[in-house]
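This report walks through a single protein chain. Please look over the sequence and the model before reading on.

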Amino acid sequence: MFYNSTRNSEVKVSSAEAITQGISAEGGLFVPEEIPALTLDEIKAVGEMKYADRAAYVFSKYLTDFTDAEIHYCTDNAYSDKNFETENIAEIAHLFSGTYMLELWHGPTCAFKDMALQILPYFLTTSAKKIKLDKKIVILVATSGDTGKAALEGFKDVEGTSILVFYPEDGVSPMQKRQMKTQEGGNVGVCAIKGNFDDCQNGVKAIFTDNEVKNLLDENGMMFSSANSINWGRLVPQIVYYVSAYAELAKDGEIKLGEKINVVVPTGNFGNILAAYYAKHMGVPINKLICASNINNVLTDFINTGVYDRNRQFYATVSPSMDILISSNLERLLYLMTGKNDAVIREWFSKLASEGRYEVSADVKAKLAEEFCAGFCDDEQTKNTIHAIYEKYSYTCDTHTAVAVKVYNDYKDATGDETKTVIASTASPYKFSAAVLAALESGNEDMDEYSKVDRIAQLSDIAVPSALADLKNKPERFSDVIEKADQKAYVLKTLGL
């Protein structure tokens, strides 16, 4: 299995090279030359495995330059009880008949990003050894909240690496900010940007492709890589939990093997739902992929019209991990839907950079309509949904998962589709305690963050994760705040260049 670049199909690299580079030299994203197949018999067999072995089986389809021993070294270390609080890693909760919550937040930072960022450091260090890379790997990360902490936790004190995370100063929850500012580790750095997530992400992408910076790093025995989902090593672990969820439901008799399900994903950068698309095209029986957005509904508009337009008001919401107007992973989907036409991808994404807008062709619009449905909701609807789920099912969900539930309910009302459905639950409610508690009951606005956490624990049956409870007494290590134009200078200064 080799990997091409979305912006230059002539590029052909191994998975180890794709993972260490993170992004192609001309700015394209790496995609596998083909999507490997999974038969129903294989899916059935996967259901009998523990999660680490399920992951290893899926990875063996994509990381063909890795030995079985190398893959199992990565999976056994990443998906263990030392990192995850539950034995099944990805838990499935029954919300109501035929509707399942795929809980992806039982890892060390209480968000779905742990599912990928606990294994990425093992992928990266193994890949570096495989290609005999003798440089220090510098991980640059832009985050809307969850990726940053998960990446910091995954890479802290990993030999041969350093990591620097940028986040929007006013664009993350108080708990997310505290997680990052108190991060431990001798090789980590955190900095806030005066701007939004797209500013952070654009800055990181510009630094990645800056030849002056790359030459400076090379002269000093360093190279960049990414822990964002632009890195294939971040995306491929997300495919696993959709394969795993289907196999688990079939094993438990909740669905018949071969029966189609719908999948609902709250997403901003499009990586999480793209992983479900890959799982579907591997052979997992998935019917509709339902894309859920908050009021920053650029993806909803795109899926419904074929026009991607980031020229709109940006909103800071109670679901900040989706406060994104430039969805990087959409590039991978469009590359596949255009038949790997790198020329048209360059054209569209050049227009996005220069004009903030592009429109896809009629045949791509038709393919989008066949595969996807999309919807969005605002903050008030999000909180109302949290309250309604709690009152009706005694289940407490976070603000992002609530967006998915609301969009799914709207989809069912509009279509009458009763297909059994998996909803990706992407974060612990405690990461967004202010909004969640305000949704559950009024009168607690003056409580501090940890009192709100304690009150949610009293109202729900969900224990406060130790990783969040322990933050209360940790000292803050990082307090830098810079202008978005100063990211490059900050990176060079931090690296001593």
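## Charges over rings

K12 lies over the face of F2, 4.9 Å from the ring centre. A charge counts as sitting over a ring if NZ of Lys or CZ of Arg is within 6 Å of the ring centre and within 35 degrees of the ring normal. K130 is likewise placed over the face of F66, at 5.4 Å from the ring centre.

The model is predicted, so local features need pLDDT of at least 70 and side-chain atom pairs count only at pLDDT 80 or more, while totals for chains, interfaces and linings use all residues. Residues are numbered from 1 along each chain as its sequence is written, and side-chain values use heavy atoms, with hydrogens and water left out.

## The chain as a whole

The chain holds 22 helices and 16 strands. Helices (H or I, at least four residues) and strands (E, at least two) are DSSP runs, numbered from the N terminus. The C-alpha trace spans about 60 × 50 × 45 Å along its principal axes. For 497 residues, a compact globule would have a radius of gyration near 23 Å, and the 21 Å of the chain agrees with this. That radius is taken over C-alpha atoms, and the globule rule is 2.2 Å times the number of residues to the power 0.38.

Of the 497 residues, 62% are buried. Buried means under 20% relative accessible area, exposed means over 50%, and partly exposed lies in between (1.4 Å probe, protein chains only). Among contacts (heavy atoms within 4.5 Å) between residues at least 6 apart in sequence, 75% join residues at least 24 apart.

## Aromatic pairs

Rings of Phe, Tyr and Trp (its six-membered ring) pair if their centres lie within 6.5 Å; planes under 30 degrees apart count as stacked, over 60 as edge-to-face and the rest as tilted. By this rule there are 20 aromatic pairs. One of them joins Y3 and W232, a tilted pair with 5.8 Å from centre to centre and 55° between the planes. Y3 belongs to strand β1 (residues 3-5) and W232 to helix α11 (residues 232-251), so this pair links parts of the chain 229 residues apart. Y3 and W232 are both buried.

F270 and F372 also form a tilted pair, because their ring centres are 5.8 Å apart and their planes stand at 45°. F270 is in the loop between β10 (261-266) and α12 (271-282), and F372 is in strand β14 (residues 372-376), 102 residues apart. F270 is buried, with a relative accessible area of 0%, and F372 counts as buried at 3%. A cluster linked by ring pairs takes in Y3, Y62, W232, F270, Y277, Y278 and F372.

## Salt bridges

A salt bridge is a side-chain nitrogen of Lys or Arg within 4 Å of a carboxyl oxygen of Asp or Glu. A search of the whole structure finds 25 of these. The table lists some of them.

| Salt bridge | N to O distance |
|---|---|
| D218 and K135 | 2.3 Å |
| K351 and E347 | 3.6 Å |
| K365 and E359 | 2.6 Å |

What does the bridge between D218 and K135 tie together? D218 lies in helix α10 (residues 211-219) and K135 in the loop between α6 (120-130) and β6 (136-142), so the pair ties together parts that are 83 residues apart in sequence. D218 is partly exposed, with a relative accessible area of 44%, and K135 is partly exposed at 28%.

K351 and E347 are four residues apart in helix α15 (residues 342-355), and about one helical turn separates them. An α-helix has 3.6 residues a turn, so residues three or four places apart point the same way. K351 is partly exposed at 32% relative accessibility, and E347 is partly exposed at 42%.

For the bridge between K365 and E359, K365 is partly exposed with a relative accessible area of 27%, and E359 is partly exposed with 40%. Elsewhere, salt bridges that share partners join R54, E248 and K251 into one network.

## A hairpin and a helix end

Two strands pair if DSSP finds at least two bridges between them. Strand β4 (residues 91-96) pairs with strand β5 (residues 99-103) in the antiparallel sense, over five bridges. E91 stands opposite E103 in β5. The two strands, β4 and β5, form a hairpin with two residues between them, and G98 in the turn has a positive phi of about 80°.

In helix α22 (residues 487-494), the buried residues include Q487, Y490, V491 and L492.
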